[in-house]
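Subject: Structure for you to look at

Hello,

Here is the structure I promised to pass on. Please open it beside this email and follow along.

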Amino acid sequence: MKLILQYLRRHIGIFLLSTMFLTLEATADLLQPTFMSFIVDHGVVHSDIRKILFYGMIMLLIAFAGAFSAVMRNRFASRTSQTIGKEMRQDMYHNVQQLSLENIDRLQPASVITRITNDVSQVQELINSIMRMMVKAPITCVGAIVLILIQTPKQAPVMLGIMIAVTILILANMKVGYPRFGMVQRKLDKLNGVTREFLSAVRVVKAFNAEDEETEKFDKASAELAKANVAALHAASYFSPLINLTVNFGIVLLLWISKDQNSSEIGKLMASVNYMTQVLFAVTMISNVINVAVRAMASSGRIQEVLDEKPAQQFPTQPLRPDIQGEIVFENVSFAYAGAGKEALKEVSFTIHPGETVGIIGPTGSGKTTLVNLVPRLYDASSGRILIDGCDVTQIDETLLRNSIAVAAQKPLLFTGSIRDNLRWGKEDASDEEIRKAAQIACADDFIQKTENGYDTWLGQGGVNLSGGQKQRLSLARALVCNPRILVLDDCTSALDAQTEANVLNGLKKYAGSLTILLISQRVSTVMQTNRILCLEDGAVKGFGTHAQLMQNCELYKTIYQSQIGGEQHDR
């Protein structure tokens, strides 16, 4: 509740205004039975038409006042709950953006999505319920009990017994429901994760005709969510009927105790029964809001986890802002992913000179991508140091560092929008000339010009209307538009044919100049064209040098070369 109250305080003015109208509405509801008793006891019993009309007119005015208050209360409640929901989502999204990949790995993307969407919706529902019912219900309940005791004082023991029993049932409902609704949210995380995984890999699933296996996984996750929901709802379902039974039992007792009621005060008995009905309605509202609150408290805890998550990476208060030229030095760098059983990199050391193009090769899982992810600080090394131009990357200004490094990944991510917008994504003010030059170097200009609208051609989500090779070339062009000092190419030509890849690499050579390039590739023929080659296996450096040097000194590189090309050594 602390989180919810924190957001409510931001809108305390509207909340108090809503509470005022809600109090007026509850007061109007409470006054109606009293004036009805006046009509019966002072008008009907004595056949006094004037009093019937007088009290009837007052009841009508009270009804209008109550209806107006209800409308205003609903408007303020809806506005406040939606505004707080928007602010929560914005705060969570902003905080997630500040987190490192290590934090995201720990929180899990599917869970973050659930928290930003479903969990915030649960909190919104509670805030709406608080402003529409939670404040009104106690006012109505307490007011009705007070009026019953004023009109029929001998009902005090019955009312006390009812309220004790109802309070016990409500507290038991909270204790039983909270852990169960927390489990519902976790099962929803799992279902979202399964769904997200299927949708991101739908082509592979269909290519391998694995729909049945994915359906089985989805059905299992869905069944677990349904089971958790049933358990939570079953727990809640016992308490509402018990609360209703308790209050209805009180109405029966009230009527039994009032069996000898004076006929001239029958209106008071009618009012008391009406107030007991209002007590039942109020207690039912409280019970329903408690059920909503139990879900919302479980959700607010999960939201708070995201808001309290601190970036795993620490940034200096007075960062360095060097004129980055592109020298990269790894000094005994080791790294392990959170929760991993072993290190992904083990005491890696090497030096790359400014303007040098270095190929990185090694078996799958050797740590190639992990290594280049440490350069722009997507992750921080577990031990050792990474220096750029003599400065520890952990001390360099984050914006300067990442503006100086551009990455083109093997699996390029394109966004819904035009090709031009995608190419400008890393540099919003890039001119059309800069965009086209980058596209020409990446051998993307030709196919772009052949599309219906050229650079204004609209791309579907993820660039679904492009081939894998076209997406990789656009990703490379986007990196070049940024005009970086260090360019990381993470197997970004894997989907290209040999001739196109050669054209791209030749274009990069002409463009590079003093640009430092890290080129990951599975192809020996590709890394052979670089100045030097870094050969990795199981996270350790097995060799670093030219092609000729590695053919002499690195058995792993020689094995890879012979498996791909074969024949005698070809010196460069």
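Is Ala-137 buried or exposed? Ala-137 has a relative accessible area of 0%, so it is buried. Before going further, please keep in mind that this is a predicted model.

**Ala-137 and its surroundings**

Ala-137 belongs to helix α6, which covers residues 136-151. Leaving aside residues up to four places away in sequence, Ala-137 touches Ala-282, Met-285 and Ile-286. Another pairing to look at is Ala-137 with Val-289: the two are 152 residues apart in sequence, yet their C-alpha atoms are 9.7 Å apart in space.

**Val-158**

In sequence, Val-158 is 95 residues from Leu-253, while the C-alpha to C-alpha distance between them is 7.4 Å.

**Two pairs of packed helices**

Two packed helices are described by the angle between their axes and the distance between the axes.

Take helix α1 (residues 2-10) and helix α3 (residues 49-98) to begin with. They pack at an angle of about 115 degrees, and their axes are 10 Å apart. The crossing of α1 past α3 is right-handed. On the α1 side, the contact is made by Leu-3, Tyr-7, Leu-8 and Arg-10. On the α3 side, Ile-84, Glu-87, Met-88 and Asp-91 make the contact. Sorted by class, the residues of this contact are 5 nonpolar, no polar and 3 charged.

Next come helix α14 (residues 432-441) and helix α16 (residues 468-481). Here the angle is about 130 degrees and the axes are 8 Å apart. That angle makes α14 oblique to α16. The crossing of α14 and α16 is right-handed. Which residues meet in this pair? From α14 there are Glu-434, Ile-435, Ala-438, Ala-439 and Ile-441, and from α16 there are Ala-477, Leu-480 and Val-481. By class, the contact of α14 with α16 has 7 nonpolar residues, no polar ones and 1 charged residue.

**Two residues with positive phi**

Glu-347 is not a glycine, but it has a positive phi of about 45 degrees. You will find Glu-347 in strand β2, residues 345-352. Its relative accessibility is 60%, so Glu-347 counts as exposed.

Asp-538 is not a glycine either, and its phi is positive at about 50 degrees. Where does Asp-538 lie? It lies in the loop between β11 (532-537) and β12 (540-545). With a relative accessibility of 46%, Asp-538 counts as partly exposed.

**Cysteines**

How many disulfides are there? The count comes to 0. Cys-443, for instance, is in no disulfide. The nearest cysteine sulfur to that of Cys-443 belongs to Cys-492 and is 11 Å away, whereas a disulfide needs two cysteine sulfur atoms within 2.5 Å. As for Cys-391, its relative accessibility is 15%, so Cys-391 counts as buried.

Regards

Definitions and conventions. Residues numbered from 1 in each chain as written. Predicted model: local features only at pLDDT ≥ 70, side-chain atom pairs only at ≥ 80, totals over all residues. Heavy atoms only, no water. Axes fitted to C-alpha atoms, helices over the stretch in contact; angles between N-to-C directions. Helix = DSSP H or I, 4+ residues; strand = E, 2+ residues; numbered from the N terminus. Parallel < 35°, antiparallel > 145°, perpendicular 65-115°, else oblique. Left-handed = near helix turned anticlockwise from the far one by under 90°. Contact = heavy atoms within 4.5 Å. Nonpolar A, V, L, I, M, F, W, Y, C, P; charged D, E, K, R; others polar. Buried < 20%, exposed > 50% of the residue type's maximum accessible area, 1.4 Å probe, protein only.
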